[in-house]
Every structure is written in structure tokens, then in C-alpha cells.
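Biologist: I would like to learn how to read the salt bridges in a model such as this one. Could you take me through them step by step?

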Amino acid sequence: MKKMKRILLFLFLTCSACLVTAQKQVKSGLLINGGSGTINPEFKMPLEDGIKFTEADYKMNLSLGYRFRFLNSFSVPSVFIDWDSYIGMKSWNSKYRRSFLEPPAKEISTQYYFISTGASLNYRLYKGLSLGVGLEPSFVFFQEGEDNTRKFDAPLLGKLAYDFGFMEIGVNYKHGLTNMIKSDLINSGKFRDWQISIFIPLSK
């Protein structure tokens, strides 16, 4: 785990160094992300009370933050760097059944509240269409539901967006690299997020 965190820190610092070398032409604005995704939890089996069937349902994710966009990065007009910082939440349910045909014997609704900051390197493909990849370290500062002991993740980010000038709309995919779930009932679990992203520039 320590080795993984060192690798993630190195990648994060590399992204930070990219910002230092970028040109100073910057625009910034409001960032809104929302969507859902999947979880691949490993439940502890067998469970007590005759529980034989388990499932996890990722309900939603939502975040609000601010973006700084560094244009003409590395003196290349079609390349730009986004630095995003935001606060958000993830909501998911876990269900435990004695029989597949019976209602759940136990159902737990869990919410994670987190802060995140990270960078992405983007390339403008055609007019307003762009493709980007990045890394977004996040930290869970409050939670409800499953008694989870994991707090840190650093998902890889892939995104496709179109800039209309007054607003940019995109699709994000975030691939969690670390186990974000560790409780009395669950051994591990990683998040896979799909999001609609809206960027509203406030300064250019």
C-alpha cells in the first residue's frame, strides 16, 4: 500500500510540474460533475445470520468545484492542461439476503463525502472537441453507512468533451486504483465512475 501511494504521489507531482512549464494564458470557471458507475466489492463469506446472497448498487456521484485551464501548454496551441479541485459525494447500497427470492435481511445505504484535486493533459482534436487523460487523488473526510476504514483513492481519468465557448460539456470515466471499501462485511471494493461534466468559464 505504501509503494502504491508513493507511485501515485510521483504521478501527481509530475502533473504539477507540467503546470509549472505551461504558458500563463489561463481561463477558469465553475465545474459540475454527476453520474453513476459500478463497484466490484469482495464480500466476506460466509456471513452470519444465514446470509448467502450479497449485492452492491452504485446509486450516484455528484461534485461541485472550480477549474483552472492552462491554454497553449508547452507552446502547443492544441494542448491544454486542466487543474480541477472540488468537493463531492458518492452514494451506494449494499444488500444481504438469506434467499435470492426473499427481501434483503439487511440493507445499508452508504454515502462518502470527499475532496479531490488533480490535473489532466488534453488535446484538441477538432474545433471544440478534445480528449484528455489525468489523475485525480481524493480523500474521504466524512461517511455514513458501512463502517469503512479506507479514505484515499487516486482514480485515472479519461474524458471526451466539446467546448461551445460559453460552456463545455463532456463525459468522464474514472478508474479507481485503490480499494475504497473495507468493513466488517466487505473485504475490498473499487469504484468505476461515469460522469457528465459541465464547465462554465467565468474568466478568460
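Predicted model: local features only at pLDDT ≥ 70, side-chain atom pairs only at ≥ 80, totals over all residues.

Biologist: How many salt bridges does the structure hold?

Modeller: The general idea is to look for a side-chain nitrogen of Lys or Arg within 4 Å of a carboxyl oxygen of Asp or Glu, and in this structure there are 11 salt bridges. One of them joins D57 to K59, whose closest N and O atoms are 2.9 Å apart.

Biologist: Which residue forms a salt bridge with E168, and where in the chain do the two lie?

Modeller: The partner of E168 is R69, with 2.9 Å between the closest N and O atoms. This pair links distant parts of the chain, since E168 belongs to strand β10 (residues 168-175) and R69 to strand β3 (residues 53-70), 99 residues apart. Both E168 and R69 are buried.

Biologist: What can be said of D82 and K159?

Modeller: Their side chains meet in a salt bridge of 2.9 Å, N to O. D82 is in strand β4 (residues 79-97) and K159 in strand β9 (residues 156-163), so this pair ties together parts that are 77 residues apart in sequence. D82 and K159 are both buried.

Biologist: Which residues are linked in a network of salt bridges?

Modeller: The network links K27, R67, R69, D82, D84, K159, D163 and E168.

Key
Residues numbered from 1 in each chain as written. Heavy atoms only, no water. Helix = DSSP H or I, 4+ residues; strand = E, 2+ residues; numbered from the N terminus. Buried < 20%, exposed > 50% of the residue type's maximum accessible area, 1.4 Å probe, protein only.
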